[in-house]
Each structure stands twice: as structure tokens, then as C-alpha cells.
Amino acid sequence: MSILKTPIEYLKGVGSFRGDLLRKELNIHTFGDLAYYFPYRHIDRTKVDSIQMLTSANEYAQIVGVLISLEIIGERRSRRLVGQVRDKTGIIEVVWFQGINWVQKILSVGNMYRIFGRLSFFMGKAQMAHPEIENWQTATENVRTSLEPVYSTTEKLKARGLTGRSIGKLTSELYTKLSAVDFPENLSAGMKQKFNLINRYQALKQIHFPVSQNEYHHAVRRLKFEELFFAQLRINLVKVNRHKTSQGWKFDKVGDLFNSFYKNHLPFKLTNAQKRAIKEVRIDTGSGKHMNRLLQGDVGSGKTIVALMVMLLAADNGFQSVMMAPTEILARQHYQSLLELLHELPVNIRLLTGSTSLKEKRNIIAACGEGDVTILVGTHAVIEDKVMFKNLGFAIVDEQHKFGVAQRAQLWQKNSLPPHILVMTATPIPRTLALTAYGDLDYSVIDELPPGRKPVNTIIKRESKRPEVMDFIREQIGRGRQVYIIYPLIEESSKLDYENLMKGYEEVKSFFPEPQYWISMVHGKQTADLKEANMKRFVEHDTQIMVSTTVIEVGVNVPNATVMVIESAERFGLSQLHQLRGRVGRGADQSYCVLMPGPKVSREAMERLQIMVETNDGFKIAEKDLELRGPGDIEGTRQSGLLNFKLANLVDDKLMLEVIRKEVNDLLDSDAELEREEHIPIKKYLIAQQGKTIWSKIS
Ligand code: ADP
Ligand code: MG
């Protein structure tokens, strides 16, 4: 057995008690885990600070000076040992609260010491509590040239003596037991040379115990590369595997429906991005392999028409399609637009939702089974077990985050082969991230808006300008337009948020009283039916104002709405604000988005909101969001687990990731089974990490 599998308590200095803590607090179970527990910084022990130069920016300091006084002061609980150390530039106070008698015994006033510890400042004066203290004489005899590692730790561990620095004693002990044999190289010699990477074992040693900053940087670079490389490789292997093994329906002809729609019924010219997306789907579905594709496109980029055309392609090949939306309103909207666009073509479109009458439902299910329905639009109702098809071949899923594994499994049951799947999402995800996060899916992007769109005009208004905002709303309603007012309700149960929403609603009502004005309100505490009913009133223009939490975020289309007011805007993420803004600007009229920050907004938050004012481009906004918040928060990537890197970070290491992605593609293109001599280390490492399963599926 590899020494790396040894349980952590067997390491000298650990034992069963600390072993338990390391397991629970830091998820360190074995020698191997500790070897891969990297320090977050290093302290330069070779550098001596001068007291005068210390500021609160110095977290730690190392001083060489003479102990000029040492005395016990205070009684009982406040009893402490206080000394003063002087160098050429000033005096620093050192203090001990514990072990007082022992410390007092080993130190003598008048001697020269080297002290090291965490700095604090009291009334502008530098202070060190419980410093490491060493006689200067002995200290110079064992001069340390290396950088000392500091590890992140927890309060519980600190209480048991495992501070950020003392964990270094453990890693140091551990590395005396390890050698290059324990960390066989896992990259090819060619790659190491090409990218100027140091060896794996050397990198591991150096990331803990570098002798210079330069060594440290080389170590980090090599280990980051390794981390990103294997993540990308695994993702690509999953995809290659899927392409190889999963059989799918073959749509091998482009027929009358598709062609006649394209020639005679298309209401506008497709954008190049739309054409590209359709083509990508056509190639996939014609290959005989199962397609699992993500179609990403900003709000208003025209995903619906792409969906429609690929469903016609399915119909031309004798297959039925389903189109699934997360809410009834959206399903109905899709249904309406498909009816309008396709009314002159011989396709039978039906709508099935939770509120379809039982009789109608029976009728639809029968027609689906007979093959009389070409396209079935609806909510999750369309994939209930009762709904059987004659020949289902395609499924469109609008807004992926509402579509889980269970639904997918249900779809799989509907025919002898699973239908091709196209998941459409309007959440813009930066390309760097998408290619890794969704690397196992095929991916199309519509990165171009139809021509002639009027960009939404975005403005920030502080609280003092509220009356002005209300006047503006009144004026827009006077012109027959409609308005959204959105409140944050981050967790739908949050009491304070809920109260704010209600207060806001009352306030809006006082500005816009019935019967001249009518207001809809929608929030998460309402029943689904009530929500639907309130939204419907707004969609049908029975109400002019929609007061709501973010529940309307997903997809509603009310082209007559021209104003989006967002209250406490600083509490939303940029991508979320962009989604909300996308609810307006859908009709012919100029639209507006008014961001109203709360009273306690910080400068950073204001700068963030400013980005919304500056651009309407969802991808730019998503890039910014990623920079500001880190990849952990981007919708949909949180649970993927693909992005939990130890060292790498998709924002800072974007360029490295791009290089690696290319390297991985080339590698698999030239040697898909990793059989070549020089690729053996890579394959061995993969198998050691994942077991043989990933591999046996592939070869
Ligand atoms: P989304 O991608 O947000 O679902 P939609 O498919 O609802 O966008 O399209 C938004 C609007 O743009 C619709 O009214 C649609 O008819 C229109 N549209 C889509 N593609 C084009 C195009 N190529 N040229 C002009 N208008 C288009
Ligand atoms: Mg849409």
C-alpha cells in the first residue's frame, strides 16, 4: 500500500485526537491529503524588520533586539508578563498571558533575542503576544534560509495547538518520509518541456518549502497546470465517451416543412448566430449519435425560432417533439408564438399544462399516441408517465435550471432511444467557464442580437429621486405602457424582505390608486395558481404595474412593458439584474431600467451598478460578475463540483485554461486511448484517481 494512504493519526505529532480534528475540520484523512494541503502563504524568516517601520500592514514581524525590561503586571485574570525589546529604531512590547513563570525563567534582561510573531497595535504602539523568542546567539547559529509555510486552519484546531504555522511542522515531518517514488510524474515529458513545468514531486516539495519566491511560483504554476489539465481531460473524456457509445435517432434529411418555412414563412432574416446554431444541431442530429446540447443566448437573442426550426427538422424525419417550459405562462407564450409562426403549415401543435381540463388532456394524450401531434408544448406535464408518443425524437427544454435528472430520466422512457435534447438558457455564462462547466455537453451560443434593437436605457436613481421616478412611471402608463417594480427577496422566507415588499406594494398603491390604476403582485409565498392568475392579468394588460420579487425573472414576454424598476438593486447579482432588465425592451418603444439602490449602499456596490449602465451585453456582464464574485456563484455551476479547484481559479487562470483546453483536444485527437509510451503517465494517474471505470467505458 502506498504510504500516502496511511491514516493521518500515525504521523508523528498528530495522534488520535488531533487526527480526528484534522479529519473533521480540514478533511485531511491520510498522509496524501496532508501532502496536498497547500500553504496559503509563506513567512520570510530571513528578513529582519525594524521596529520603526512596522505598520498594521505587517501581519507578522521578525525583530532582533535587546530585552530591556521584563515584569509581571496585573492580578489574577489580567496577570501577564510584559517585556520591552529595543532595536536601533524603536521599542516593541511583548506579552505573555500563559506560561508566565517558565518564560520569565528562560529570559534575561540585557540579552539579545530574535523574536517573531503576529503583530498587533495598541494605541499606535506595536505589540506582540506570545512571540517565538530565541537567543540571538543560537538563532544565528541555525540561520534559516527558507520561507516558512502558513496554512489555513480553524479555531478548533488552533485551540489544540494546530495553528497555521504549526501545521507546517506536520507537513515538514511528513515530507521527510516521502520521496519522488510516492508522487510519480503524471504529465508527459513533452508537455513539461513545452510549458516549462517542473517535476511533480519537486513542485509538491517546493510549494510547501520553497527557498525563494521564484521557486514557489514555479511550484504553483506546475500544480495549477496539473489541476486544470486533469479536470479538462476528464470532462473531454466524458464527452468523447458519450459520443462514442450513445446511439441516437438519425435525422438525415431536410424536408418540406423546414424548407417551406425557411423560404416562405420566416418573418425576418436569421442572424448568423442563429444560422450557426441550427447548423450545429443539424450536424449532430444527422450523425446517428445522441445529441445533448446547450443553447445559450442572451435574452431576446431569438432562441425560440431556432427551437422551432429544429423541431420542423424532426418532423421532416417523421419524429414528434416536445417543448418544455418552467411555468404555465411561458408554456402558453411559446404555444402562441408557434401557432402564429406555423399556422400555414401542416403541423399539429398542442398545449398541455397543469390546468388543461381532464377531457382535453385525454384527447391530447390519445393524439400523441396516434402520432397526430407534431409538437407538444407545455410544462412538466408533458413528460408525465401517462403521456406516450408514437415516435418522440426531440425535446426542447427552456431554462435549464428547472430541468433535473429525474425529468431527464422520464424523457428517456418515451421511446426506444432517448430523444435528442436541446436545453435553452438565457443565463449568459462566460465562454471560459461554459467550456469547462458544460464541457461534457455540446454547446452552441447565439452571441448576436437581431438587428435594430433599441438598447434599454439604464439609469441609477437614489431614494431622494423617488418622486421623479414615480412621475416617470405615471407618464409611461399614460402612454399605455406597463411597468415592473421588483423587490429583492433572496430567500422567499426572509421576513424582513417580505415586509419590505409589502410596504413597497402599499407605497406604490398610494402613488397609483385604483380605479385609475391596477396593480398585480406576485411573490413566492403565493400559491402557484394565484401567481399564475396575477401574472396573467399583467400579461393581458388588465393591470399596468407588476410588483414582484424575482419570480418573474424567467422568460415572461410582455412587449408592452417599457419600465423595469429594481428596488435595493445592489442586493442583486449583475447577471440577475441583466435577466430582469431583459423583461423590457421587447417591443417597438424605447425602454428603461431604473436601478434604485438602498440607503446604505457602498461605493463598490455603486461601481458594480454602474456596469449595468455602461453595457447591455450579457456576456460582458457575466465576465464582470465572474471577476467580482468568483465562479462559485455563477448560476448552475455551484453544484457541478467541476470548479472546486485547490489552486487554479477560472478568472485568474483563464489564459492557462485556454492553452490547456487546446492541449487536451490535441492529445485526444492524436491518441484517444492514451496508449503512446509518453502518455502512459497521464493514463496511469487518471486510473489511479478515478478507478478504471472512466477508462473502460472509453477503450
Ligand atoms: P429569447 O432568446 O429571449 O427566447 P425570442 O426567441 O423570444 O428570444 O426572440 C425575441 C424577439 O426577437 C421575438 O419577438 C422574435 O420574433 C424576434 N426575433 C428573433 N430572431 C430575430 C431575427 N433574426 N430578426 C428579427 N427579429 C428576431
Ligand atoms: Mg425565450
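A polar side-chain atom of K303 sits 2.8 Å from an oxygen atom of ligand 1, a polar contact (a pair of N or O atoms within 3.5 Å). The protein buries 72% of the 560 Å² that ligand 1 exposes when taken alone; areas use the Shrake-Rupley method with a 1.4 Å probe. This is a predicted model: local features need pLDDT of at least 70, side-chain atom pairs count only at pLDDT 80 or more, and totals for chains, interfaces and linings use all residues. Residues are numbered from 1 along each chain as its sequence is written, chains are lettered from A and ligands numbered from 1 in the order written, and side-chain values use heavy atoms, without hydrogens and water.

Two further contacts involve ligand 1. A polar backbone atom of G302 is 3.1 Å from an oxygen atom of the ligand. The side chain of Q274 places an N or O atom 2.9 Å from a ligand nitrogen.

Now look at the shell.

Step back to the domains, whose bounds come from an automatic or database assignment. Domain 4 covers 256–446 and domain 5 covers 457–615. Their C-alpha centres are 30 Å apart. Their contact (heavy atoms within 4.5 Å) takes 16 residues from domain 4 and 13 residues from domain 5.

How values were computed: A polar contact is a pair of N or O atoms within 3.5 Å; within protein, one must be able to donate a hydrogen and the other to accept it, and residues adjacent in sequence count only if both atoms are side-chain atoms.
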